[in-house]
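Hi,

Here is the structure I promised to pass on.

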Amino acid sequence: MTPVLVMLLKTLLIFGGVITLAAGMTLAERKVSAWIQWRIGPNRVGPWGTLQPLADGVKFVFKEELIPDGANPLLFRLAPMLAAGPAMMAIAVIPFAGEITLLGQPTTLSIADFPLSALYVVAVSGLGVYGVILGGWSSNSKYSLLGGLRASAQMVSYELALILALLSVVVMSGSLDLRKIVEAQAGGLLQWNLWRQPLAFLLFLLATFAETNRHPFDFAECEPELVGGFHTEYSSMKFALFFIGEYVAMIVMASMTATLFLGGPEVPYWPAAPWFVQLATFLLKTGFFLFLFLWVRWTLPRFRFDQLMGLGWKVMLPLALLNVFVTGLVISLF
Amino acid sequence: MVIVKRKQLSLAERLYLPEVVRALSITLRVIFKKKVTRQYPEERMVTTAVTRGQPRLVLLDDNKSLACVSCGLCEAACPAYAITIDGEETERFIEREPKRFEIDMLRCILCGFCEEACPKDAIFMSDELELADFSRQALIYDIDKLKRPRAALQKRIDYFYGINDRWRKRSSTS
């Protein structure tokens with residue numbers, strides 16, 4: 001009985017924590033955008049505006065829900081769940097910290113540990129594209145359809161570079177288990193994959209921006225051309241689900257970057273650190289990449305669509321392939 | 001015909017990433033800059049004598065009767081047709097005063113022409129800028145809402161006399 005309880009407790013804690021973090025990200029997005037534009041940002045709801053996400057949530061719940069004429073009623077309802085679900089599923093394998101004792105049982109602070117966890121993240125987060133394209137198609141609106149098409153084209157083409165960059169890390173540590181990848185980076189700062197695979201790091205980082213449809217690759221939304229992109233016709237909590245999905249995907253991608261290249265929960269020069277220090281380290285590393293998402297969004301203008309595709313197929317894919325090849329060659333030779 | 005000469009990009013610029021890092025460093029520095037937001041209901045706008053707010057009517061020193069003699073010059077000068085005046089005669093030394101003096105604040109564009117047109121220095125642009133109500137009718141201000149003691153407008157009056165000093169001849173009522 002206890003293992004099941006421990007599992008439930010872990011799921012509840014991690015899931016709740018990530019959803020709270022996603023809500024915090026919506027506030028952080030507005031705060032950072034304000035700071036970069038010399039403004040203050042939301043500061044009326046609660047101290048420093050910290051309760052703003054709560055107010056937003058209440059607003060979303062009470063908004064009128066519209067389903068456009070001619071929309072496919074089943075798929076229209078299904079799409080937001082398909083967009084948010086896979087992103088949340090990917091949380092399951094992320095190693096937030098090492099050993100921890102829950103209800104008297106030693107366990108690790110991640111919902112599931114299994115040998116193919118890196119593959120699982122890639123597989124599950126790849127499903128997110130279904131929500132986007134179904135949302136775009138089922139709305140019966142040209143803007144939504146174009147937005148959905150663009151988003152899926154972009155996600156599919158950047159996923160290749162993402163996976164190949166991940167592959168060179170996997171080749172380095174010889175395992176698809178995220179725990180093993182973290183262990184391989186234990187020790188000092190110089191053990192991080194960031195220094196051993198700088199090109200893969202760069203490619204992975206760029207691909208995460210494209211995967212989560214963030215600036216400067218946010219062609220899914222692209223307000224001036226496509227109104228709101230694939231979620232133009234959505235309102236109320238359905239729209240909020242797309243939003244939550246996007247932010248959770250950002251959190252997943254940021255924590256994946258931290259895990260693969262910055263050693264995840266591993267504390268540099270302190271191998272026996274207690275779990276809360278590891279968790280804090282992990283959150284710090286993830287937090288930096290989350291901030292980078294916002295920081296880049298308010299710095300760079302959007303690409304042109306053909307530039308985006310050119311970058312993905314003609315630059316990033318060959319570089320990633322080359323990187324995997326050279327990594328494999330070096331590993332097999334030495 | 002305009003020939004646009006494209007700047008030849010250096011290698012670093014064509015690689016794009018160094019420029020991205022430069023842009024990021026600029027936005028990072030901006031985060032710590034002093035914020036320009038004015039927290040409106042708590043922090044009011046600083047007004048000076050130059051501020052052209054809503055026009056107000058000056059009361060004479062007895063604080064009861066208006067300096068206005070309802071000549072209608074402001075009504076004629078108003079480019080937005082915001083002013084409506086009906087005059088009447090009185091028993092006091094200045095023989096005329098407005099029976100009705102209304103400014104439609106929804107039409108008023110705060111241009112200050114009424115202030116310039118007035119031969120009796122009876123209307124001045126105050127520093128009052130806030131305008132909100134629940135109906136259009138409530139925003140057509142009558143004499144009761146427009147009249148102000150001279151002291152309330154003194155800053156503006158002094159400023160106005162200052163810039164018009166060269167050709168101003170003090171009117172008999174001021």
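In this predicted model, helix α6(A) passes helix α13(A) in a left-handed crossing (left-handed if the near helix is turned anticlockwise from the far one by less than a right angle, right-handed if clockwise). Helices here are DSSP runs of H or I with at least four residues, strands are runs of E with at least two, and both are numbered from the N terminus. In chain A, α6 covers residues 142–173 and α13 covers residues 305–333; their axes come within 9 Å and cross at roughly 15 degrees. That makes α6(A) roughly parallel to α13(A) (under 35 degrees; over 145 is roughly antiparallel, 65 to 115 roughly perpendicular and the rest oblique). The axes are lines fitted to C-alpha atoms, for helices over the stretch in contact, with angles from 0 to 180 degrees between N-to-C directions. By class, the contact of α6(A) with α13(A) has 18 nonpolar, seven polar and one charged residues. Nonpolar means Ala, Val, Leu, Ile, Met, Phe, Trp, Tyr, Cys and Pro, charged means Asp, Glu, Lys and Arg, and the others, Gly among them, are polar.

Now a second pair in chain A: α3 (residues 73–89) packs with α11 (residues 236–261) at about 25 degrees, with the axes 8 Å apart. α3(A) and α11(A) are therefore roughly parallel too, and their crossing is left-handed. Residues that meet here include A:Pro80, A:Met81 and A:Ala84 from α3(A), and A:Leu241, A:Phe242 and A:Val248 from α11(A). Contact means C-beta atoms, placed from the backbone, within 7 Å. This contact has 12 nonpolar, one polar and one charged residues.

On to chain B, which has six helices and six strands. Its radius of gyration is 26 Å, well over the 16 Å that the globule rule gives for 174 residues, so chain B is more spread out than a compact globule. That radius is taken over C-alpha atoms, and the rule is 2.2 Å times the number of residues to the power 0.38. The C-alpha trace of chain B spans about 90 × 45 × 35 Å along its principal axes.

Where the chains touch, 10 residues come from chain B and 10 from chain A. The chain B side divides into six nonpolar, two polar and two charged.

As for confidence, the complex gets an ipTM of 0.79 and a pTM of 0.82 from the predictor. Chain B has a mean pLDDT of 87, with 95% of its residues at 70 or more (pLDDT is the predictor's confidence in each residue, from 0 to 100).

Residues are numbered from 1 along each chain as its sequence is written, with chains lettered from A and ligands numbered from 1 in the order in which they are written. Local features need pLDDT of at least 70 and side-chain atom pairs count only at pLDDT 80 or more, while totals for chains, interfaces and linings use all residues.

Cheers

How values were computed: Two residues are in contact if their C-beta atoms, placed from the backbone, lie within 7 Å.
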